[in-house]
Amino acid sequence: MKSYDVAILGAGPAGLSAAIYSARYGLDTIVISRDIGGSANLAHQIENYPGYLGSGMELMQKFFKQAENVGAEFLNDDLINIKKKAGCFEIVTTGRKICSKSIIIALGTQRRKLNISGEDKFLGKGVSYCATCDGNFFKNKTVAVIGGGNSACKAVLLLSGIAKQVYLIHRGEIEKCEMVYRNKIKEKNNIHILNNTIPLEIGGKNSVSELLVDRGGKNLPKEERIKLEGVFIEIGGLPVSDIAKMLKIKIDKEGYLVVNNEMKTSINGVFAAGDVIKSKLKQVVVAASQGATAAKSAYDYLQK
């Protein structure tokens, strides 16, 4: 069983940044992840990372190449189990078992679901959680994006250049979205905003053909059926915290790992960064800085 100084779980912006810093500190570093880039890969266009303008996937490839060039090792595998033993953390993946003196958890989030009728039934048949991945399948069609944050607004803008008509549906007012995106949405003639609207059911026969919504809210229900071919669900994510539960790391009521300003968790030798911890701004630049901080904290821990 090979031993490492640092095992980084996840290869999104936080994990890759941690890998770059960890390897540069001279630590024997391994990154374990099923993919490279995480949810940042879904960003069609990144406009707020300093010095960069392009797709999220391209930026993550740059992170990956840099981490690889400074000596980080990558293992493309699924995590099965992890437990603390004397002197190390034993990590079991589908194909390997390794030992690491410290851990950085950067597993990010998984997509939050609406949990309404038809959502699971029509997944891949008109229901999608990724406009960047599936948008081109809806050329000249009518689609809806459900959500009110930046991810929803970005998805709407992307789809407005592909689909014939795009509905932006939100249970409140579209106010979480940054002003720059709201202004761009107003300039588009084929985007229709439905505020204070609650999705109730996704309908169809073999694929999506309609969305049942409540336009009146809880006090004055007013059901309406919108004819469309696609529903994109962009309502945020839930932290991937199964590993934290295995190690009995403290998490908050929403499932986020609790850390201090040095990215230390409640377990000695375990650190966390990125979307798996709570932060006011969930952006690539923030996750990258947290990953760098976690790597420095891991380095200081190992020196002791």
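**View 1. Strands S9 and S10 run parallel and are joined by five bridges.** Helices (H or I, at least four residues) and strands (E, at least two) are DSSP runs, numbered from the N terminus. Ile 146 stands opposite Ile 169 in S10. The model is predicted: local features need pLDDT of at least 70, side-chain atom pairs count only at pLDDT 80 or more, and totals for chains, interfaces and linings use all residues. Residues are numbered from 1 along each chain as its sequence is written, and side-chain values use heavy atoms, with hydrogens and water left out.

**View 2. Strand S9 (residues 142-146) is joined to strand S15 (residues 230-233) by four bridges, and the two run parallel.** Val 143 stands opposite Gly 230, and Val 231 is the bridge partner of Ala 144.

**View 3. The five residues of S9 are buried.** Buried means under 20% relative accessible area, exposed over 50%, and partly exposed in between (1.4 Å probe, protein chains only). Thr 142, Ala 144 and Ile 146 point one way, while Val 143 and Val 145 point the other way. In a regular strand the side chains alternate between the two faces of the sheet.

**View 4. Helix H4 (residues 150-160) is mostly covered, with nine of its eleven residues buried.** Among them are Ala 152, Val 156 and Leu 159. The buried residues of H4 pack against helix H3 (131-134), helix H5 (179-186) and strands S9, S10, S11 and S15; contact means heavy atoms within 4.5 Å.

Conventions: Pairing = 2+ DSSP bridges. Axes fitted to C-alpha atoms, helices over the stretch in contact; angles between N-to-C directions.
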